[in-house]
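Please keep the sequence and the three-dimensional view at hand while going through the points below.

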Amino acid sequence: MARWRDRRRNKANVKTQVVKNKKQPSVDQVTGGKIPKSFVFARGKLSAPLKQLELDLRKLMLPYTALKLKEKKRNNLKDFLNVAGPMGVTHFLMISNPKSVPHLRVARTPQGPTLTFQINEYALAADIAKSQPRYRCTPELFKNSPLIVLSGFGGGSQHLKLTTIMFQNIFPAIDINTVKLSSCQRIVLLSYNAEEKLIDFRHYSIRLQPIGVSKRIRRIVQNHQVPDLRNLQDVSEFLTKAGYGSESEVDEEAATVSLSTDIDRVNKASNKSAVRLQEIGPRLTLRLVKVEEGLCSGNVIFDEFENETYKKADKEASEDEPADATED
């Protein structure tokens, strides 16, 4: 009886952290279906870096996720599934470390499918921040879901099609005719390398800079700060001082867009702005190793290791076959 009460308390720990998401809209205005919401949690014991990776992925999935989701060792998959239904959660992202090989499973609730990825390499958001001299990652970036861009998934394999559908549906859809450009501040890029069978997972922030406006003027407008003019004879010296002209590297035509609406005080409609992407992490290199029909169960649609075993056996069998005899 005591154990049953512990299980009930563990489920409550999951539930209380998702109540805040009730204030979020539940219907996607584009598709008419549920807005995708997610749980990101661990299965089994994780090392400190993998635990931080779990937190980074939760932040990436904002705002439609449980950022402070509490987990207990006794929580099983059914516990999370019981809470997911009432909360409108549509996807699970599960990190595990079987045999010291990190894995990420992405599943559609409540009936699957489930995609299992082997994490070959990863870098935390903190590592990305340390590698950049001017790292910018403000809380405002996470008020809206990121855009999703897929590259290299055009193959006809069934498991690649399922991967494409899964990641396309893990974030809310956008209507290019009605979307507010100011809400598009992040992008998730997944690039598939067919030769190595690896997926590069990257997370960027999107920043616009007006072309033809000096850095000093842009800082005044954006930061609302009065500049220090004590050592200058005229305000024109501040505006024309050498080294603070418009940035030439953003004047390339390929990196510019013409805005249809006002974004902020410096990026105005009908003006050209340069688009800049800054990686904010986390960064992952994934390999799809398994696809199951159900939620971490059911028929196996694709198994990379089984396919490799078959290929290796066929190759060894062909090498063992005697060469055809030829007559002189």
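Glu71 pairs with Lys51 in a salt bridge whose closest N and O atoms are 3.8 Å apart. This pair links distant parts of the chain, since Glu71 sits in the loop between α2 and α3 while Lys51 belongs to helix α2, 20 residues apart. The model is a predicted one, and the points that follow should be read with that in mind.

**Salt bridges**

- A search of the whole structure finds seven salt bridges, and the one between Glu71 and Lys51 is among them.
- Glu71 is partly exposed, because its relative accessible area of 23% falls between the limits of under 20% for buried and over 50% for exposed.
- Lys51, the partner of Glu71, is likewise partly exposed, with a relative accessible area of 37%.
- The side chains of Glu279 and Arg283 form another salt bridge, with 2.8 Å from N to O; Glu279 is buried at a relative accessible area of 11%, whereas Arg283 is partly exposed at 31%.
- Arg287 and Glu304 also meet through their side chains in a salt bridge, at 3.3 Å from N to O.
- Through salt bridges that share partners, Lys51, Glu54, Arg58 and Glu71 are joined into one network.

**Negative surface patch and its surroundings**

- On the surface, Glu121, Glu195, Glu196 and Asp200 gather in a patch of negative charge.
- Asp200, one of the residues of this patch, is found in strand β7, which covers residues 198–210, and is partly exposed with a relative accessible area of 30%.
- Lys197 lies in the loop between β6 (186–193) and β7, and its phi is near 60°, a positive value in a residue other than glycine.
- Lys197 counts as partly exposed, because its relative accessibility is 30%.

**Backbone features**

- The peptide bond from Leu62 to Pro63 is cis, with omega near 5°, and Pro63 is placed in the loop between α2 (48–60) and α3 (77–87).
- A cis peptide bond also runs from Thr109 to Pro110, with omega near 0°, and Pro110 is placed in the loop between β3 (103–108) and β4 (114–123).
- Cys296 has a positive phi of about 55° although it is not a glycine, and its place is in the loop between β10 (283–292) and β11 (300–303).

**Contacts and positions across the sequence**

- Ser145 is located in the loop between α4 (125–130) and β5 (147–151), and it is buried because its relative accessible area is 15%.
- Leaving aside residues up to four places away in sequence, Ser145 touches Leu62, Pro63, Tyr64, Pro172 and Arg186; these contacts include both Leu62 and Pro63, the two residues joined by a cis peptide bond.
- Pro172, which is in contact with Ser145, is 139 residues from Gly33 in sequence and 9.8 Å from Gly33 in space, C-alpha to C-alpha.
- Gly33 lies in the loop between α1 (2–16) and β1 (38–43), and is partly exposed with a relative accessible area of 29%.

Terms used
Residues are numbered from 1 along each chain as its sequence is written. This is a predicted model: local features need pLDDT of at least 70, side-chain atom pairs count only at pLDDT 80 or more; totals for chains, interfaces and linings use all residues. Side-chain values use heavy atoms; hydrogens and water are left out. Patches are made of residues with over 30% relative accessible area and no salt bridge: like charges are joined within 9 Å, nonpolar side chains (Val, Leu, Ile, Met, Phe, Trp, Tyr) within 5 Å. Accessible areas come from the Shrake-Rupley method with a 1.4 Å probe; for residues, only the protein chains shown count as cover. A salt bridge is a side-chain nitrogen of Lys or Arg within 4 Å of a carboxyl oxygen of Asp or Glu. Lys and Arg count as positive and Asp and Glu as negative; His and the chain ends are not counted. The place of a charge is taken as NZ of Lys, CZ of Arg, CG of Asp or CD of Glu. Helices (H or I, at least four residues) and strands (E, at least two) are DSSP runs, numbered from the N terminus. Buried means under 20% relative accessible area, exposed over 50%, partly exposed in between (1.4 Å probe, protein chains only). Contact means heavy atoms within 4.5 Å.
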